[in-house]
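Here is a short briefing on one protein model.

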Amino acid sequence: MPLTVHLNDAPGMAVYQEWDGQNGTGNKVPPTGTVAYASDNPAVATVDPVSGQLAYVSDGDTTISASDSGNLPASDLLTVVASTAVSSTLTLQPGTGVKKLTLR
């Protein structure tokens, strides 16, 4: 499923999974080989080739891909945005009913 993140978001992960049904359905099946991850545009985001850890570099789009020794490759679109704030809000929330303890 495509993902859109902000440049300053905490980095996400790419997670490769195989299934015994068509189009990612059925039961999970362990990969048959070593899983390798890649980004087709490392100027936008990089991915650790072993762990799948993402790092956001700049705004734009990149395709993150993975496969287990060339078997059943999978990929998805990652969009990184670098918007800047132009307004803000403040929301007041009621208390939770927990009294503050004062030590003397």
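Does S39 count as buried or exposed? The model is predicted, and the values below are computed from it. S39 has 18% relative accessibility. Buried means under 20%, so S39 counts as buried.

**S39 and its surroundings**

- Strand β4, residues 35–39, contains S39.
- The side chain of S39 makes a polar contact of 2.8 Å with the side chain of T62.
- A polar atom of the S39 side chain also lies 3.3 Å from the backbone nitrogen of N41.
- Leaving aside residues up to four places away in sequence, S39 touches A45, T46 and V47, along with T62, T63 and I64.

**The largest pocket**

- The largest pocket holds about 620 Å³ of space.
- Its lining has 25 residues, and V15, Y16, A74, S75 and D76 are the closest to the pocket centre.
- Strands β2 (18–19), β7 (60–68) and β8 (71–81) each supply at least two lining residues.
- β8 gives the largest share of the lining of this pocket, with seven residues.
- By residue class, the lining of the largest pocket has 16 nonpolar, seven polar and two charged residues.

Methods: Residues numbered from 1 in each chain as written. Predicted model: local features only at pLDDT ≥ 70, side-chain atom pairs only at ≥ 80, totals over all residues. Heavy atoms only, no water. 1 Å grid on protein atoms, 1.4 Å probe; cavity = no way out; pocket = protein on both sides within 12 Å on 5 of 7 lines; lining within 4 Å. Points joined across faces, edges and corners; volume = space filled by probe spheres on them. Helix = DSSP H or I, 4+ residues; strand = E, 2+ residues; numbered from the N terminus. Nonpolar A, V, L, I, M, F, W, Y, C, P; charged D, E, K, R; others polar. Buried < 20%, exposed > 50% of the residue type's maximum accessible area, 1.4 Å probe, protein only. Polar contact = N/O pair within 3.5 Å; in protein donor to acceptor, adjacent residues only side chain to side chain. Contact = heavy atoms within 4.5 Å.
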